[in-house]
Each structure stands twice: as C-alpha cells, then as structure tokens.
Amino acid sequence: VERGGLRLLTQDFPASRRWPKQQGGRLPSSLEEDLVEAWQAEASEDPWRVLDAWTAVTQKLRHPAEPAPGSDDALRIALIQRRLDTRWKLLDFPADDYYSEQISQQTIAQMEDSLHLDPDDQPTYVRLISHYRTKERLKDARRLLEPALQRWPEDPVVLQEALETALAGNAFKKAATLAHRILARDPINSRARNSLLGARLAHARKQLMKGRVDLAEKELAAAEEWAQGQKASRRVELLRGFLALQQDRTVGATALRTVTERLGGDLTARLDLAIEASRLRQPLGPLMKQLGLPKLRSPENKADLSALLHRLRELMDGGEKIPREILDFFAPALKAGSKLELTAQESESACETLRRCALHAARLAYARAALKRWPESPVFELHAFESKYEGRYYRLSHGDIERLEGALARARASGDMRTAHRIQEVMHQLPFM
C-alpha cells in the first residue's frame with residue numbers, strides 16, 4: 001500500500017483497513033497499520049497517544065532482528081524517536097505530575113537510543129546536553145559531551161555546549177580555555193564572550209552579597225576581559241558602582257548616579273540599574289531615593305519607547321524573571337507611551353511585550369489607542385479583551401463577547417489564521433462558549 005493511500009485510512013481507521021482490498025489492492029501490513037494509528041494519534045494531539053503509537057512503530061521496525069547502527073531501519077527508528085521532540089516537544093513536556101514527568105523521561109530514553117542507532121546526528125547530542133544542563137543533571141550532560149567532542153572536536157556549537165556546561169559546574173578555567181578555542185575560530189562569536197561575562201558577573205554579585213568586596217573586585221577584573229562593546233561594558237560599570245556603594249554610601253551613590261547618566265540617563269539605563277539592584281536583592285524604592293535620581297519620565301519619542309520595550313524583551317528572552325516591583329515601577333511610563341503615534345506593527349509589538357510582562361493596564365491602553373486608528377482590527381480586539389479581563393472570564397460584557405466574535409470572523413476572512421487561532425483559544429476558556 002502506497003504511503004499516500006495509507007494516509008487516507010486515518011479518516012475511519014480501523015474500519016478503513018479493508019478499503020485497499022476492496023479497490024483491488026492488498027490489506028495493510030501490521031507495520032503499516034501501526035503507522036496509520038500513529039498518524040491518527042498525531043491528529044488527536046494527545047501526547048500519551050503520540051508517544052505510545054510511535055513506540056509501537058519503532059518496536060515493529062526492530063523485529064525480527066535489531067537493526068545495525070547506521071542501517072536504513074536504524075535511521076528510520078532514530079528519525080521517529082527524534083520526532084517526539086522536534087515535532088511534539090515532549091522532552092520539555094510540563095512535569096506537573098508523575099505521569100507528565102514519565103512522558104519526558106520516556107522521550108529522553110528514546111532520544112538517547114537514537115544516538116546509538118544514528119551516532120552522527122549532532123543536533124540530538126546538543127539538544128540532550130542542553131536539556132540535561134537545564135535540569136541540573138551535569139553528570140549526564142558531561143557523559144554525552146565526551147563522545148560529541150570526540151566526533152566534532154572543533155565544532156563551535158559543540159564547544160559552546162561544553163563551555164556552558166563548564167560554567168554550570170563553576171569550572172571557570174576550563175570555560176575560559178573553551179572560550180578561547182571558540183574565539184580563535186570565530187572571533188566575532190558574542191555568545192561565548194557573553195557566557196563568560198555573565199558567569200563572572202554572577203560570581204561577583206555572590207561575593208558582594210557576602211560582603212567580600214575584595215573577591216567581588218577580583219571577579220569584576222576577570223569579567224572585564226570578556227566585556228566587549230558598550231552593552232557589555234555597561235553591565236560591568238553598573239556592578240562596579242554597586243561595589244562602590246557597599247564600600248561608601250556617599251561615594252557609591254555618586255558613582256552609580258554618574259554611571260546611569262553616562263549611559264544616557266534614559267529609561268533603558270534606569271531599567272538596567274533596577275535589574276542590577278534586584279539581582280543584588282536591593283529594594284528599588286530606597287535605592288532610587290538614595291541616588292537622588294529625577295522622577296521617572298514618560299518616553300519622549302518612539303525611539304525612547306522602542307529601546308525600553310526592546311530591553312524588556314531582551315531580558316525575558318535571556319531567561320530573566322523581572323520582579324513585579326520593577327515592572328510596576330515602569331508601568332506608568334510604559335502606559336504613557338501609548339499616546340505616541342505608533343504604526344500598527346509598533347503597536348502590536350508593544351502589546352505583545354506588555355502581555356509577556358503581565359502589565360494589563362498598559363497593554364489595554366495600547367490596544368485601545370490602536371483601535372481608534374484601526375477600528376475593528378482583530379489582533380487589537382484580542383489584546384483589548386485579554387488585557388481587560390486578565391484571564392478572569394466571569395461577568396463578561398455581552399458587547400465585548402460580540403466584538404471578539406466579530407474579530408474572529410474578520411481574522412478568518414482576511415486569512416489571518418494566527419490571530420484567529422489565538423481568539424479561538426480565548427473563546428474556549430469562556431463560560432458557556
């Protein structure tokens with residue numbers, strides 16, 4: 001039975017298994033039936049069904065004999081095993097209970113097995129090493145790093161994983177050696193530099209919070225070796241300002257104020273100051289009073305607003321958990337930015353950033369401002385609805401529901417399926433919908 005014909009059987013399987021025979025063909029084999037069931041499972045989007053169905057397929061491919069590594073059947077099995085992560089992301093399946101954790105663990109086992117069947121697949125090595133490191137399973141990360149480095153000793157991607165793993169284990173000398181190897185082959189590799197810089201600064205903060213100013217100074221000196229460019233230098237300068245603050249409050253306050261002003265004194269500089277303070281567990285309000293900085297102003301122009309929003313996204317993309325205190329501190333300035341004349345793309349970008357920050361009032365202000373310029377725009381109707389109710393969908397306004405339904409219809413009519421899908425997801429959460 002041809003593969004395209006097999007796919008047709010998913011519509012009414014297992015009753016449809018006799019269709020090929022009725023059309024003068026043959027019945028599907030046991031392996032082909034398992035394939036149809038796997039496609040059916042994928043259509044259901046049930047992670048357990050997907051995992052079980054594809055496992056059944058790989059078990060059939062292992063009989064009557066285990067395929068040799070690198071053989072066609074071995075590669076087919078390996079591709080299926082990797083699909084559990086590349087397509088279904090089951091490696092990072094939320095471990096909110098025992099059974100969810102089992103999905104992740106079984107996926108890990110299958111992906112590790114795929115490396116035995118197809119040991120030349122570098123992306124799977126990198127994916128598993130990174131996953132183990134994220135889960136603080138450094139022993140497992142190092143176990144896979146060893147064969148990866150043997151196969152690709154000079155590959156920058158593998159070397160970067162080795163660098164990140166060394167840093168996770170506080171092996172700074174080894175990390176520095178690896179960074180130099182990466183930079184020798186790729187002098188503009190910013191990730192290697194930033195990894196070393198970030199680790200050194202983190203250790204400087206730890207020493208500073210312990211009151212070990214001498215060791216913090218030593219770490220900052222080491223960090224300066226890796227600080228290249230204005231952004232990296234800003235991070236070192238700010239932390240050095242806090243170091244001065246700990247030694248002498250008057251001198252330190254002047255130093256930090258000078259650093260902030262030298263960095264432009266704008267909203268982005270103030271955000272970086274606030275973030276550094278939070279990393280050092282220093283309350284934001286008292287610090288601002290101590291430094292005598294002027295009251296936080298509203299964005300003066302689009303460039304000012306764009307820089308602040310970009311910095312917020314940059315922090316979140318890098319895994320930074322921005323404290324609520326900081327977000328609330330900047331919320332009035334961000335909300336005031338909605339009065340600027342923004343393009344539709346700029347307005348949508350602002351709404352998305354504020355959604356990630358859970359700054360609902362500010363997001364609502366941008367959505368409403370955009371709807372005045374582009375009435376009935378589906379994406380801004382969505383942002384307005386979500387930010388107004390903040391996920392608490394009770395006592396809903398009938399008019400709001402009608403507007404959301406209209407936005408869904410318009411999104412579909414215009415071919416904006418991404419927005420249509422997002423609106424549908426919200427509507428599924430509404431009572432009586």
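**Exercise 1. Look at the loop between α4 and α5: where does P64 lie, and what is the peptide bond from H63 to P64, cis or trans?**

Start with the place: P64 sits in the loop that links α4 and α5. Keep in mind that this is a predicted model. For background, most peptide bonds are trans.

**Exercise 2. Work out how helix α4 and helix α5 are oriented as they pack.**

Step one is the geometry: α4 (residues 47-61) and α5 (residues 72-86) pack at an angle of about 170°, and their axes are 10 Å apart. Step two is the reading: that angle makes α4 roughly antiparallel to α5, since anything over 145 degrees counts as such. Step three is the contact list. From α4 come V50, L51, W54, V57, T58 and L61, and they meet residues of α5 including R76, I77, I80 and L84.

**Exercise 3. Find the residues other than glycine with a positive phi at E45 and N170, and say how exposed each one is.**

Take E45 to begin with. Its phi is near 60°, and it belongs to the loop between α3 (30-44) and α4. With a relative accessible area of 56%, E45 is exposed.

Now N170, in the loop between α9 (156-168) and α10 (172-185). Phi is positive here too, about 60°, although N170 is not a glycine. N170 is partly exposed, at 44% relative accessible area. Why flag these at all? Because most residues other than glycine have a negative phi.

**Exercise 4. Check the length of helix α14, then sort its buried and exposed residues.**

Length goes like this: α14 covers residues 249-262, so 14 residues at 1.5 Å each should span 20 Å. The end C-alpha atoms are 19 Å apart, which agrees.

On to burial: G252, A253, L256, V259 and T260 are the buried residues of α14. They cover an arc of only 130° around the axis, so they fall on the same side of α14.

The face turned away from the buried side carries exposed T250, V251, E261 and R262.

Finish with the two ends. At the start of α14, a side-chain oxygen of D248 comes to within 3.0 Å of the backbone nitrogen of T250. Just after α14, G264 has a positive phi of about 115°.

Definitions and conventions
Residues numbered from 1 in each chain as written. Predicted model: local features only at pLDDT ≥ 70, side-chain atom pairs only at ≥ 80, totals over all residues. Heavy atoms only, no water. Helix = DSSP H or I, 4+ residues; strand = E, 2+ residues; numbered from the N terminus. Expected span 1.5 Å × (residues − 1). Buried < 20%, exposed > 50% of the residue type's maximum accessible area, 1.4 Å probe, protein only. Arc of directions from axis to C-beta. Polar contact = N/O pair within 3.5 Å; in protein donor to acceptor, adjacent residues only side chain to side chain. Axes fitted to C-alpha atoms, helices over the stretch in contact; angles between N-to-C directions. Parallel < 35°, antiparallel > 145°, perpendicular 65-115°, else oblique. Contact = heavy atoms within 4.5 Å.
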